[in-house]
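Thanks for coming. I will take a few minutes on one helix contact and a few charged pairs.

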Amino acid sequence: PHVYPDRHKAKGAVYPDASWTFASAPASLGWSAKKLGQAAAFSKTIGSAAIMVVDRGFVVAAWGRVAHRYPLHSIRKPLVSALVGIGTAQGQIDVSKSLADLRIDDNAPQLTEVEKLATVADLLKSRSGIYHPALGEVAAMSQVKPQRGRHAPGAFWYYNNWDFNAVGTIFEQETGMGIFEAFAQWIAGPLQMQDFDIRDGKYVSGPASVHRIYAFRMSARDLARFGWLYLNNGKWRERQIVPATWVAESTATHSDLGGGRGYGYMWRTAEGGGLAPNVTLPATCFYHSGRGVHYLIVMPTLDLVI
């Protein structure tokens, strides 16, 4: 059992309505206009497309095409983790069930009886021990992928697209809903996402595996709403969208990756560790990246989403 700290103690949280509220004076929130200008100028030199900074519910900085829907790549994983949390609360998904219980398999070479002992929770933690070929694996991932049967289910962490893709299959099988349909109804709608379009969701199939990729496109200002939902323990105004217990459990460190970095349930975690050179995040921060290009960073102790 885990004990999760209350990482968000702010009272009277501010939420966006149809659009975000911009801080009239970022300096009143402790921000330097000069340094924000320097950050914006620097971002142009490295080709940043869109950046949005939300502090205590107010936008203190935004530049680039924040309304443009970009492919999220691996940031799709926290989105589906949230859906699994909702499905669990509704009694549709049991994360303690094994793949054998759920009759989950793959094409040849099929899963072994040992591999089928992996649970949904193991998949969420990327600790299934299943190293079957997966869709969406880049060459660098394939080169370091363990051999089949090398690790028992639950025993070893490896960033595994097979696990993440199979979670999508399980979600759809157990709830009877498509991933993009569920996200639109359960999250995008209640959060009043400004740009989300269910038609931007795309499944990618291929011969390597029966478990499809579920690819999302989303704008920076909509992704910020998702981050703000999680900073507020899954609550949006008076409505609990994602169970608070799931937010706490999924953003806790279940695998210590070293250097103050960890992994939860399809979320990366930081315990004061480094995100990038010269960037140290506060403890209890959680985030995810997409191809090392896109980032969603949530810092509850600072009431900050980037």
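Is Asp197 buried or exposed? Asp197 is buried, at a relative accessible area of 16%; buried means under 20%, exposed over 50%, and partly exposed in between, with a 1.4 Å probe and protein chains only.

Before going on, this is a predicted model, where local features need pLDDT of at least 70, side-chain atom pairs count only at pLDDT 80 or more, and totals for chains, interfaces and linings use all residues. Residues are numbered from 1 along each chain as its sequence is written, and side-chain values use heavy atoms, with hydrogens and water left out.

Asp197 makes a salt bridge with Arg199, with 2.8 Å between the closest N and O atoms. A salt bridge here is a side-chain nitrogen of Lys or Arg within 4 Å of a carboxyl oxygen of Asp or Glu. Arg199 is exposed, at 70%.

The whole structure has 9 salt bridges. Another one joins Asp200 and Arg69, at 2.2 Å from N to O. These two residues are 131 apart in the chain. Asp200 is buried at 16%, while Arg69 is partly exposed at 29%.

Now the helices, which are DSSP runs of H or I, at least four residues, numbered from the N terminus. The axes of H2 (residues 76-89) and H6 (residues 161-175) come within 10 Å and cross at roughly 40°; axes are lines fitted to C-alpha atoms over the stretch in contact, and angles run from 0 to 180 degrees between N-to-C directions.
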